[in-house]
Amino acid sequence: MSGNKLDFAALDWEISESGLKSKCFEKNGKRVRLLEHSSAVREENWCERAHCGYVVEGELEIDFLETGRETVRKGEGIFIESGIKHKANSLSGKSLLFLVEEIE
């Protein structure tokens, strides 16, 4: 990265144990992340981290432990507060999200 520009093409994909792919940049307590979620990914544990972002492509169903499911599609945003238990499932084979998060 140079100056204020983020070059996601220059970042390598990282693959988590659950199969999620991401490209991350971290600075000053913030994380900017491209997250690729495929329909093959099945999250076993509930996530409780805060997420704020935009669906770049695809369609996701987010299951909230206390309030049920919600679908977010390309062009829509998400804002999930810390402590809200949730899991996501790609309904379109592959979904790509742009996220801005606090580093915990």
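Two strands count as paired if DSSP finds at least two bridges between them, and strands themselves are DSSP runs of E with at least two residues, numbered from the N terminus. This is a predicted model, so to speak: local features need pLDDT of at least 70, side-chain atom pairs count only at pLDDT 80 or more, and totals for chains, interfaces and linings use all residues. Residues are numbered from 1 along each chain as its sequence is written, and side-chain values use heavy atoms, with hydrogens and water left out.

**View 1. Six strands line up in an open sheet.** Reading across, the order is β1-β2-β3-β9-β4-β7, and the pairing is antiparallel. β1 and β7 take the edges with a single partner strand each, so one side of each has no neighbour in the sheet. As a reminder, strands of a sheet pair through backbone hydrogen bonds, either parallel or antiparallel.

**View 2. Strand β3 (residues 30-38) pairs with β2 and with β9.** Phe25 has Val32 of β3 as its bridge partner, while Glu26 is partnered by Arg31. The two strands make a hairpin with two residues between them, and Asn28 in the turn has a positive phi of about 50°. Toward β9, nine bridges join the strands, again antiparallel, and Lys30 stands opposite Glu102. Seven of the nine residues of β3 are buried (under 20% relative accessible area; exposed is over 50%, partly exposed in between, with a 1.4 Å probe and protein chains only).

**View 3. Phe8 and Phe98 form an aromatic pair, the one found in a search of the whole structure.** Their ring centres are 6.3 Å apart and the planes meet at 85°, so the pair is edge-to-face. For rings of Phe, Tyr and Trp (its six-membered ring), a pair needs centres within 6.5 Å; planes under 30 degrees apart are stacked, over 60 edge-to-face and the rest tilted. Phe8 sits in the segment before β1 (14-15) and Phe98 in β9 (residues 94-102), so the pair ties together parts 90 residues apart in sequence. Phe8 is buried at 16% relative accessible area, whereas Phe98, at 31%, is partly exposed.

**View 4. Two lysines sit over tryptophan rings.** Lys21 lies over the face of Trp13, 4.9 Å from the ring centre. The charged end of Lys87 is over the ring of Trp46, at 4.7 Å from its centre. To count, NZ of Lys or CZ of Arg must be within 6 Å of the ring centre and within 35 degrees of the ring normal.

**View 5. The largest pocket has a volume of about 640 Å³.** A pocket here is an open set of points on a 1 Å grid over the protein atoms alone, where a 1.4 Å probe fits, with protein on both sides within 12 Å along at least five of seven lines; lining residues have an atom within 4 Å of a point. The volume is the space filled by probe spheres set on those points, which are joined across faces, edges and corners. Of the 30 lining residues, Ser18, Leu20, Arg33, Glu43 and Cys47 lie nearest the centre. β3 gives the largest share of the lining, four residues.

**View 6. Glu104 lies in the segment after β9.** Glu104 is exposed, with a relative accessible area of 64%. Its C-alpha atom is 8.4 Å from that of Arg49, 55 residues away along the chain.
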